[in-house]
Amino acid sequence: MNTSFFPCAGSRALHAPTRREFIYGLGTSLGSVALTSLLAAEQTGPLAPKAQQLPAKAKNCIFLMMEGGPSHIDTFDPKPVLEKLHLKEFTREGKQKSAMESGKRYYVKSPFKFAQHGQSGAWMSEPWQHLASVADELCFFRGCQVDSVNHPTAMYQMNCGNRFGGDPAIGAWVTYGLGSVNQDLPGFVVLPEISYPQGGSANWSNGYLPAQFQGTPLRPKGSPILDLQPPQGIASDHQRANLDLLAQLNTRHAESHPWHDELRARMHNYELAFRMQTQVPETLDLSTEDEKTKAMYGIGSDGSDATDAFGRKCLLARKLVEKGVRFVQLYAGTWDSHDYIERAHGNLIHQVDQPIAALIKDLKQRGLLEDTLIVWCGEFGRTPDNGVRGGTAYGRDHNPKAMTIWLAGGGCKAGHTIGSTDDRGMEAVEEVHHVRDLHVTLLRLLGLNDNKLTIYHAGRFKQLSQFGGQVIEKLIA
């Protein structure tokens, strides 16, 4: 059985699992008997559910990553002053971080009209036709800032807290702190595009956490997991016997090499892969959903439309959290609109608008929204201007100092807009917080304390925020 889609010996796992963690998941097979004789009799796996460190409503998270940097100015943060400044040229003064910020520039107004929605009066641009219907479920945050203007480093910082990669993703930290309800599925699942985001799979790495906490990506086309089912003619009891024999051999090796935590991870993932053969096909089968539900998510019959593709991800995310998966991250790419932002952002919003609104409504009607924290963000925002470079193509450059992030469900302060940017949308000016504070707040909404959710590595205790952060209390109901 091919289990290469799971973290194993190739993953960085410098923290040895406990004796309890080692024996989980082998049932009552001969392999489990051998392991029990070596270790302890208790059965507690590395992904077994753990109590929250702090009282909180959210028990799981769906993280919607709009890779490329969506423009806050053209989505949720209108800037009327740009109407007057449109096409006015200028040269930005002072030392700039990158070439795209320097030189001759011109202001760009938003091509979209804005309107307020819901009792909260949330601002949204006109392409958001469906999300407007759930405006009062959303908590908008306009005060977040990051450090990098480059996509890979900004993606790493938003996902992992570190611009340079190699650290655990937020999904890995959450499953490390809370475990997962369903022991027959991975605790951290990723739904990427066909092309991985900039920075690649390091965006959902376990980093220096044990290998079991790495995100498991599901393929967007074809079989979500390759080689999930055994070859023809290999029965379940045959597989079980092979795993039992393998467990006995690995146990002997582990007795002589107790520091090889990669072996423990590999043994755990062989067993998880075996159990997934019964759980995964049922969970990933969207044909069991009624036609009304699929239509609500924008899922058609041919699967060719981009809305259909993202709708399938959103519906699958609901099914996964319903099955007890702790953290699900969805990717929607190509928001990097340096040119023709009306066409580019208009199409991108159309692709995700209906599925996201359906996800919120579906979770709410099933009584799951209160338990599920939804996060919508990119790696940074965009500038109110563009560089003069031989033509006028109304787009925007990267902006780490201003962006809009919104939350829904999970105990966030729904129906509020927190923080603000200046009149041109260039920089956050009210309730300004570094991304480390956002990470600390997301953990807090999930019942985790960033200062206690640590692991000893490379001579010190490490945490998601790197060196600690401040909870943004205004985002919490």
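Tutor: Here is a quick tour of a predicted model.

Student: What share of the contacts comes from residues 24 or more positions apart?

Tutor: 77%, counting contacts in the chain with a separation of 6 or more.

Student: Let's do a sheet. In what order do β2, β3 and β13 sit?

Tutor: The order is β2-β3-β13, in an open sheet of three strands. The pairing is antiparallel.

Student: Which strands stand at the edges?

Tutor: β2, residues 89–91, and β13, residues 385–387. Each has a single partner strand, so one side of each lacks a neighbour in the sheet. From one strand to the next, the twist averages 40°.

Student: How many bridges hold β3 and β13 together?

Tutor: Three, in the antiparallel sense; β3 covers residues 104–107. R105 has G387 in β13 as its bridge partner.

Student: Now β6. Which residues point which way?

Tutor: L138 and F140 point one way from β6, and C139 and F141 point the other way. All of them are buried. The strand spans residues 138–141.

Student: And how does β6 run against β15, parallel or antiparallel?

Tutor: Antiparallel, with four bridges joining β6 to β15, residues 405–408. F141 stands opposite I405 there.

Student: What about β6 and β16, parallel or antiparallel?

Tutor: Parallel, over three bridges; β16 is residues 416–418. C139 stands opposite H416.

Student: Switching to helices. At what angle do α9 and α10 cross?

Tutor: Roughly 25°, with the axes coming within 8 Å. Angles under 35 degrees count as roughly parallel, so α9 is roughly parallel to α10. The crossing is right-handed.

Student: Which residues of α9 and α10 meet?

Tutor: On the α9 side, A306, T307, F310, G311, C314, L315, R318 and V321. On the α10 side, H350, Q351, V352, Q354, P355, I356, L359, D362 and L363.

Student: How many in that contact are nonpolar, polar and charged?

Tutor: Ten nonpolar, five polar and two charged.

Student: Next, α11. How many of its residues are buried?

Tutor: Nine of eleven, so α11, residues 435–445, is mostly covered. The buried ones are V435, D437, L438, H439, V440, T441, L442, L443 and L445.

Student: Last one. Is F380 buried or exposed?

Tutor: Buried. Its relative accessibility is 1%, and the cut-off for buried is under 20%.

Student: Where is F380 in the chain?

Tutor: In the loop between β11, residues 372–377, and β12, residues 381–382.

Student: How far is F380 from M66?

Tutor: They are 9.8 Å apart, C-alpha to C-alpha, and 314 residues apart in sequence.

Definitions and conventions:
Residues numbered from 1 in each chain as written. Predicted model: local features only at pLDDT ≥ 70, side-chain atom pairs only at ≥ 80, totals over all residues. Heavy atoms only, no water. Pairing = 2+ DSSP bridges. Helix = DSSP H or I, 4+ residues; strand = E, 2+ residues; numbered from the N terminus. Axes fitted to C-alpha atoms, helices over the stretch in contact; angles between N-to-C directions. Buried < 20%, exposed > 50% of the residue type's maximum accessible area, 1.4 Å probe, protein only. Parallel < 35°, antiparallel > 145°, perpendicular 65-115°, else oblique. Left-handed = near helix turned anticlockwise from the far one by under 90°. Contact = heavy atoms within 4.5 Å. Nonpolar A, V, L, I, M, F, W, Y, C, P; charged D, E, K, R; others polar.
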